[in-house]
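Here is a short briefing on the structure shown below.

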Amino acid sequence: MADALLKIEHLRKSYDGNVVLKNINLKVNKGEVIVIIGPSGCGKSTLLRCINGLEPIQGGTIKLDKEIIDSTSKSITKLRQRIGMVFQSYDLFPHKTVLQNIILAPTLVQKRDKKEVIAEAEQLLDRVGLLDKKDSYPRQLSGGQKQRVAIVRALCMHPEVMLFDEVTAALDPEMVREVLDTMLELARQGSTMLIVTHEMAFAQAVSDRVIFLDNGDIVEEGTPDEFFNHPKTERAQKFLHTFEFEHIK
Amino acid sequence: MDWNVITEYLPLYWKAMLLTLRIGWIGVALAVLIGLMTAVIIHFRVPVLRVVFKIYIEIFRNTPLLIQLSFLYFALPKIGIKISAEVCGWLGLGLLGGSYMSEAFRSGIEVIDSVQRESALSLGMTNFQVMIHIILPQAFSYSIPAVVANIIFLLKETSVFSAVSLIDLMFRAKDLIGLYYNTAECLTLLVVFYLIILLPVSILGTVLERRLRYASFGT
Amino acid sequence: MQALGLDVLFKGSNFLRLLEGLWKALGISLIAVALSIVLGILFGIVMTVRNPVVKAVCRVYLEIVRIMPQMVLLFLVFFGTTRVFGWNLNAEAASVIVFTFWGTAEMGDLVRGAVTGVPKHQYESAFALGMTKAQAYLTVIIPLAIRQLIPQSMNLITRMIKTTSLVMMIGVVEVLKVSQQIIEANRMSSPNAVFGLYLTVFILYFVACWPFSLLAKRLERKWSN
């Protein structure tokens with residue numbers, strides 16, 4: 001197999017002595033979609049944040065295509081341009097319109113031609129069905145629309161990997177679908193994605209591989225079919241069980 | 001009330017008001033600049049400077065402008081620093097105001113930073129780009145109510161300028177009362193002229209605050 | 001010492017006189033603060049009344065205080081009352097009146113803000129637990145309001161102490177005036193006295209105000225979460 005696009009080796013992360021990630025080893029190949037699940041507080045979000053260099057790490061290495069991701073180094077902004085990230089909270093810039101939100105980083109950070117970026121942004125917006133909202137301000141959008149714009153904003157940077165940190169967790173149930181559909185579409189087009197989510201049905205549908213994280217460790221790893229239908233470890237079984245309800249009547 | 005006296009005094013008050021306005025607004029502009037700079041330095045935890053600016057804030061927030069001005073104008077020349085009365089006014093107001101403004105901007109920067117910094121960083125922006133393009137523009141509008149309140153406070157504080165022998169409205173009023181005993185006219189003019197200075201800012205503040213309440217930040 | 005004019009400070013009873021001057025200013029602000037707290041709480045409660053006339057009157061009072069410099073108010077009361085009512089108000093009394101008039105409005109607004117600032121769901125959940133109105137206020141609303149109120153009133157006290165320095169402009173012999181007198185008396189022997197004395201006055205005011213600011217910050221941080 002060719003060299004992995006993203007390679008994490010012996011990653012250790014702690015906050016003031018509290019170990020959050022113990023010894024994470026993970027390889028992500030180009031075009032692969034990986035879903036990370038696990039109970040809250042297991043370190044899934046922290047893992048994504050480390051990959052984007054938003055958190056200093058205490059041990060191990062994270063490499064994107066042979067380049068080491070180090071949150072303290074000067075080159076981190078260069079690497080972040082190659083890694084897109086969408087957060088749980090709607091994080092659009094409220095003082096800029098949808099279009100301005102999208103073109104800001106490509107023109108400011110990547111110094112790309114404004115016209116070309118606008119054309120691309122409009123095309124992407126069209127694909128997620130939001131072209132008519134391009135001059136709206138974020139406060140005029142619904143939660144689901146905001147998250148779709150946030151995805152487009154990250155895509156417009158042409159990232160090699162996309163990180164999704166519980167992007168539907170703060171949404172009303174009826175808006176979850178439109179955001180997940182957008183992500184499914186991306187997966188279909190062959191994007192490399194790391195997704196943290198609590199939407200189990202979506203996880204099963206979208207992923208090539210599932211990582212089960214508990215207590216800062218990768219406890220189980222497998223294809224969605226293996227993991228959801230035949231979990232090997234007791235901890236994974238117990239976790240999946242929390243999504244089921246017994247009939248009481 | 002003697003209208004002849006009023007029309008006679010009017011030009012004197014007018015001139016005094018222009019002085020108050022000039023020094024007041026230059027002081028406000030300085031205060032905004034100093035406040036912004038202080039807020040950014042403290043926010044970025046710039047070593048050494050951060051401590052210096054924190055001490056500055058505490059000193060100027062906890063002493064009266066009258067004393068600050070007296071010190072600048074009367075005491076500093078004794079160690080060889082001579083500053084004209086008007087420049088003392090700018091400096092005093094700017095430094096006092098800067099210590100208040102910095103707190104206003106800092107809370108704005110903190111609120112915006114906590115929700116927006118990471119998403120901007122994840123797009124590959126540098127810390128500096130994030131500050132200039134994302135945080136400051138929003139922090140500025142977030143801080144507007146506090147900034148307007150501080151502007152009103154500073155323009156009111158100009159009333160102590162007569163202590164360093166600047167011929168401002170207070171000086172004019174006190175002088176004329178002392179000379180001719182036209183107390184009622186002098187005090188009425190004093191109130192009217194301060195209203196001219198402060199009422200527009202106060203009204204503008206109310207309007208801005210009402211408008212901002214509908215603008216949403218973050219979510 | 002000599003060059004900076006600090007020697008004058010320790011000549012005779014000079015330092016003691018300065019402290020007396022400071023006490024004069026502080027005394028005025030303490031009386032005004034005490035009155036403002038009591039009257040301000042009352043005013044704040046009045047401001048929460050829904051009657052439009054009461055509201056309008058409160059609003060006008062608050063705006064006057066907000067817009068007029070305290071110096072102008074001092075002049076109005078000190079010079080104006082003599083003229084209009086023929087009172088011969090002394091400067092100290094005029095100062096207490098003005099600072100109380102001002103402090104009551106500011107304090108009242110803080111009280112109003114604190115009471116109306118308690119989130120609605122706090123009232124609702126208190127009532128939902130079956131509490132009476134009195135119980136809800138005593139055990140939930142007032143304690144929550146006080147946590148917002150106390151740091152803010154500490155800051156108001158600092159502002160009132162600072163503003164007291166203005167009384168010198170209507171002739172109260174407070175610390176700045178005393179230091180001017182000392183400077184004047186020692187003009188020949190130590191021409192640099194102005195530096196040492198004004199520096200001292202600066203420090204004295206700082207020492208008087210800083211503890212309140214610190215306490216305000218401490219309490220704010222403690223109660224913020």
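Two pairs of chains are in contact, and chains B and C share the most contacts. The model is predicted. Chain A and chain C have no contact, and their closest C-alpha atoms lie 21 Å apart.

**Helix α4 of chain B**
- Helix α4(B) spans residues 85-122 and carries a kink of about 50°.
- The kink is centred on B:Asp113.

**Packing of α3(B) on α4(B)**
- Helix α3 of chain B (residues 65-75) packs against α4(B) at an angle of about 135°, with the axes 9 Å apart.
- That angle makes α3(B) oblique to α4(B), since only angles over 145 degrees count as roughly antiparallel and 65 to 115 as roughly perpendicular.
- The crossing of α3(B) past α4(B) is right-handed.
- From α3(B), the contact uses B:Leu65, B:Gln68, B:Leu69, B:Leu72 and B:Tyr73.
- From α4(B), B:Ala85, B:Cys88, B:Gly89, B:Leu91, B:Gly92, B:Leu93 and B:Leu96 take part.
- By class, this contact has nine nonpolar and three polar residues, with no charged ones.

**Aromatic pairs**
- Over all chains, the structure holds 20 aromatic pairs.
- One of them joins A:Phe212 and A:Phe227, with ring centres 5.8 Å apart.
- The planes of A:Phe212 and A:Phe227 meet at 35°, so the pair is tilted.
- A:Phe212 sits in strand β9 (residues 209-214) of chain A, and A:Phe227 in helix α8 (residues 224-229) of chain A.
- The pair links distant parts of the chain, 15 residues apart.

Conventions: Residues are numbered from 1 along each chain as its sequence is written. Chains are lettered from A and ligands numbered from 1 in the order in which they are written. This is a predicted model: local features need pLDDT of at least 70, side-chain atom pairs count only at pLDDT 80 or more; totals for chains, interfaces and linings use all residues. Side-chain values use heavy atoms; hydrogens and water are left out. The bend at a residue is the angle between axes fitted to the seven residues ending there and the seven starting there. Helices (H or I, at least four residues) and strands (E, at least two) are DSSP runs, numbered from the N terminus. Contact means heavy atoms within 4.5 Å. Axes are lines fitted to C-alpha atoms, for helices over the stretch in contact, and angles run from 0 to 180 degrees between N-to-C directions. Angles under 35 degrees count as roughly parallel, over 145 as roughly antiparallel, 65 to 115 as roughly perpendicular and the rest as oblique. A crossing is left-handed if the near helix is turned anticlockwise from the far one by less than a right angle, and right-handed if clockwise. Ala, Val, Leu, Ile, Met, Phe, Trp, Tyr, Cys and Pro count as nonpolar, Asp, Glu, Lys and Arg as charged, and the others, Gly among them, as polar. Rings of Phe, Tyr and Trp (its six-membered ring) pair if their centres lie within 6.5 Å; planes under 30 degrees apart count as stacked, over 60 as edge-to-face and the rest as tilted.
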